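Dear colleague,

Please find the structure below, together with its sequence. My notes on what was found in it follow.

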Amino acid sequence: MSHEAALHNHEGHESHGHDDHGHHEHHDTFLTKYVFSQDHKMIAKQFLITGMVWAVLGGLMSVLFRLQLGYPDASFPWLESILGKWAKGGQITPEAYYALVTTHGTVLVFFVLTAGLSGTFANFLIPLQVGARDMASPFMNMLSYWFFFTASIIMLSSLFVETGPFSGGWTAYPPLSALHDASPGSKTGMDLWIISMALFVVSSLLGGLNYIATILNMRTKGMSMTRLPLTIWALFFTAVLGVLSFPVLLSGLILLIFDRNFGTSFYLSDIYVNGVGALSNEGGSAILFQHLFWFLGHPEVYIILLPAMGMVSEIMSVNSRKPIFGYMAMLGSLFAIAILAFLVWAHHMFVTGLNPFLGSVFVLLTLLIAVPSAIKVFNWLTTLWRGNIRFTPGMLFAIGFVSLFISGGLTGIWLGNAALDIYLHDSYFVVAHFHIVMGVASMFGMFAGVYHWFPKMYGRYLNNSLGYIHFWITLAGAYLIFWPMHYQGLAGMPRRYFDFSIWESFKQFADLNRFISTVAMIVFAVQILFLINFFYSIFKGRKVTVLNPWESNTLEWTTPINPGHGNWPGEIPEVHRWPYDYGKDGHDFIPQTTPVGEDETETH
Amino acid sequence: MATEVKTKNKIHPQKMYLYVGLGSIVMMFAGLTSAYIVKKSQSNWLDFELPKVFFIATVVILLSSFTMQMAVKKAKEGLQNPYRGFLTVTAILGVAFMTLQYQGFMALQANNIALTGARSNSAASFLFVITFLHLLHVLGGVIALFGVRFKSLSAKNNTENTLPVELVSTYWHFVDILWIYLFVFLQWIG
Ligand code: HEM
Ligand SMILES: [Cu+2]
């Protein structure tokens, strides 16, 4: 009898933990099982695979614009055959370049590293690790995915409209975003961008509310808040950040819609725009949008980072066979980061004419983030210290995450100083900073999570050798791509320029740019290798034969190898301890479900 | 079939879901009213009086909270007909509120204060966007009220389970309080 059949047998007399969740999955059809599924595990996989599709598309876009930056004078006839009029004569047009950069940023920040990351792991891990049969509202959870899916389709369709997708940068500042005639991408492309992002916000909210409600209210017996794995804590703060900051972005977008379509003057004033002429608007303030945007925008970067931090903590402890160092300090620093995330948004606006005295407050608050960040780094390193380390691919990516977080965090401290930032703002230094600390680091967190939980997701293993190749080339590549950008930024090279070869001061970087572009293509190719590994292993990977392959303490490994809807065939296990009893009292590991023994030393 | 949740005597997960959701709605309006304050401190701000109908609308929505509460009370006592009656009255008051708001917008425009369009000042546009978004939330509440109202007609879904009506009433009181905040803000603070 398969595990699923066993599970269904039980469902008749087992309660579900919440009442609106009947026993309708007895007769799963293809549609209810794989498409309109309300099972959190299936929804997680939907988020993961949609996120992967976007990662490939977004990555491909970066390859295309790196081609332009690396080879500004060359022409590639094949480009014209895929991009058509956007690459006349085999060279990307400036409009296409901006459209690519904008879509790359939007898609990677929101669709890959928010939906793809939180959507996947919050959905997958929260019910499994807190000991619940599903989310607080499985239906809303399903809606969350379908809102994301619709947002995706709309964003995708914007690539095919006559005037191209939005091209004013992922931050969508007005007037480029508010005036139809400001650029080709400001026309239909921007309408689709706004609709897509609004749907995306709804998706994030529906998801985030579920994550919070499930963590707070559906923990199994014995699972007190301080016995939660750090993954769950991180996902909890991520959801809180999202639920409190996405609505503010929505407000900003609503005002933008009014300015675009109903002639209001929230952001537009009587400026003169090239190609449009003098505007009839009066008194609007483009800076207002920046405030609303960055009030989300900064928490958003932590929405992207925190899940990675949580997974890294968990994976690191499991594979060092040691308790996580400083659990409460980890928790406290997550909390501090979450609070500070709301108080620093204006560090993106030091050059907007912000009052310097106000600016100095934001400098102080920004630099304070270094404290909890340093605590976390210290704790990860001490967790590794003298550990009995198993260098699985998941573990390597987790260690790589820490390396990247240190490298990128340090440059954050440069940028956090208004005096330095006035020079570095909008230069390649910023590009280097945020790609290392957010882009690549969170990608590493995501990879770590995929390698670590793949056996639970699909009942099979990923191929290890491919995993090692994937890790080493990606790590080396990430540093080779982004490290030199710091120097370019320090030399004054601005971001978002189409062609540096026409600038006397930046000609010196021609070779370096070509080098960066070449590495970018290699790294992209290696990600394809990962995808091959992923999809091949879903069907053909080595089968998992034991319940707990990593000898881990958390609850997800007490479920059957291929858990059905409802997760545990029998009762939900009770929890007796925290999840980090590794190497305790002579035991290599003690799962959370093991009752505390009589002569055990101090327990949590 | 006692559910694990209830035996643990915690807030029902769906109530928690709603509470956190209300938090995010608060943030949305906090964003808008903060933007309002920032904008007001800059040049070119038009000062004008709120139309009187907004006062009447405020009374109406306050009244609807009262009828909503009565509906919950009757539901808990298992009195089907008064329960449905109060639900209907609440929904009607909700519709009345929306109509009055609409008349408020009309009154402003009759006074030559454009809410949108080229002649508009962002003071009026803010008022419009904020109240209109609130109105959409009231509309959501009215739809939910009708949903519960009609669900209560089917036999198996009667008073035993008061969760849906409790959820709707929490939401309804929330949009009421939200309006009071916005009204006080627009009338006296903003
Ligand atoms: C010690 C910690 C950090 C500090 C002090 C810091 C500071 C800053 C500052 C001041 C800027 C603005 C630079 C400019 O535009 O001129 C910036 C940009 C940015 N940071 Fe950080 N940062 C830190 C960590 C992080 C982390 C952990 C992430 C993400 C996970 C992150 C993501 C970003 C992003 C995405 C941008 C650029 C957004 C854009 O303009 O497109 N930062 N950072
Ligand atoms: Cu920031």
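Accessible areas here come from the Shrake-Rupley method with a 1.4 Å probe, and for residues only the protein chains shown count as cover. On that basis the accessible surface of chain B comes to about 8,900 Å², with 66% of it belonging to carbon and sulfur atoms.

This is a predicted model, in which local features need pLDDT of at least 70 and side-chain atom pairs count only at pLDDT 80 or more, while totals for chains, interfaces and linings use all residues. Residues are numbered from 1 along each chain as its sequence is written, chains are lettered from A in the order in which they are written, and side-chain values use heavy atoms, with hydrogens and water left out.

Chain B has six helices and zero strands (DSSP runs, with helices being H or I of at least four residues and strands E of at least two), and its C-alpha trace spans about 65 × 30 × 25 Å along the principal axes. Of its 190 residues, 52% count as buried, that is, under 20% relative accessible area.

Leaving aside residues up to four places away in sequence, A:Phe401 touches several residues, among them A:Leu305, A:Trp380 and A:Phe444, where contact means heavy atoms within 4.5 Å.

Best regards

Definitions and conventions
Buried means under 20% relative accessible area, exposed over 50%, partly exposed in between (1.4 Å probe, protein chains only).
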